[in-house]
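Dear colleague,

I am passing on to you the structure that I have been going through, and my notes follow below it. Please look at the structure first and then read on.

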Amino acid sequence: MKSLPTCPKCNSEYTYIDNELLICPECAYEWKNTAEESTTTENALTIKDANGNLLQDGDTVTVIKDLKVKGSSLVVKVGTKVKNIRLIQGDHDIDCKVDGIGAMKLKSQFVKKV
């Protein structure tokens, strides 16, 4: 595990991360982690479609398999184009709006890049 830097104000070793800031619990000093900025670009989401193409936010994809919509009798048919996708972390890694159905989360293994 990577060790966090000590507090620049009081030199406390008990610092912790909260979103993008480092916080010292002893003196309540908050500062930006400059080392964290370089690692976030390295840990960017690398999500690939069914064919192995790298997906990016804003891409257009096509559904390659009939997908049942959970809690509904609707089905997203093969060949449905989904525009302007947004990549997220998790099991369903694509957040999008499908015409005629609405907001959905899709798995990247069931789509291909157009």
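**What was found**

The protein has one helix and eleven strands, where helices (H or I, at least four residues) and strands (E, at least two) are DSSP runs, numbered from the N terminus. Read from the N terminus, these elements follow the order β-β-β-α-β-β-β-β-β-β-β-β.

Please bear in mind that this is a predicted model, in which local features need pLDDT of at least 70 and side-chain atom pairs count only at pLDDT 80 or more, while totals for chains, interfaces and linings use all residues. Residues are numbered from 1 along each chain as its sequence is written, and side-chain values use heavy atoms, with hydrogens and water left out.

Of the 114 residues in the protein, 28% are buried, a word that stands for under 20% relative accessible area, with exposed meaning over 50% and partly exposed in between (1.4 Å probe, protein chains only).

The largest nonpolar core holds 16 residues, and those with the most contacts inside it include Leu55, Ile94 and Leu106; such a core is a set of buried Ala, Val, Leu, Ile, Met, Phe, Trp, Tyr and Cys residues joined through side-chain atoms within 4.5 Å. Two or more residues each are given to this core by β4 (61-63), β9 (94-98) and β10, and β9 gives the most, with three residues.

Serine 108 itself lies in the loop between β10 and β11 (111-113), and counts as buried because its relative accessibility is 10%. Again leaving aside neighbours within four places in sequence, serine 108 is in contact with Ile47, Lys48, Asp49, Ala50, Leu55, Asp93 and Ile94.

The largest pocket contains about 220 Å³ of space. A pocket here is an open set of points on a 1 Å grid over the protein atoms alone, where a 1.4 Å probe fits, with protein on both sides within 12 Å along at least five of seven lines, and lining residues have an atom within 4 Å of a point. Among the residues that line this pocket are Leu67, His92, Met104 and Phe110, and β10 provides the largest share of the lining, four residues.

With best regards

Definitions and conventions. Grid points are joined across faces, edges and corners, and a volume is the space filled by probe spheres set on the points. Contact means heavy atoms within 4.5 Å.
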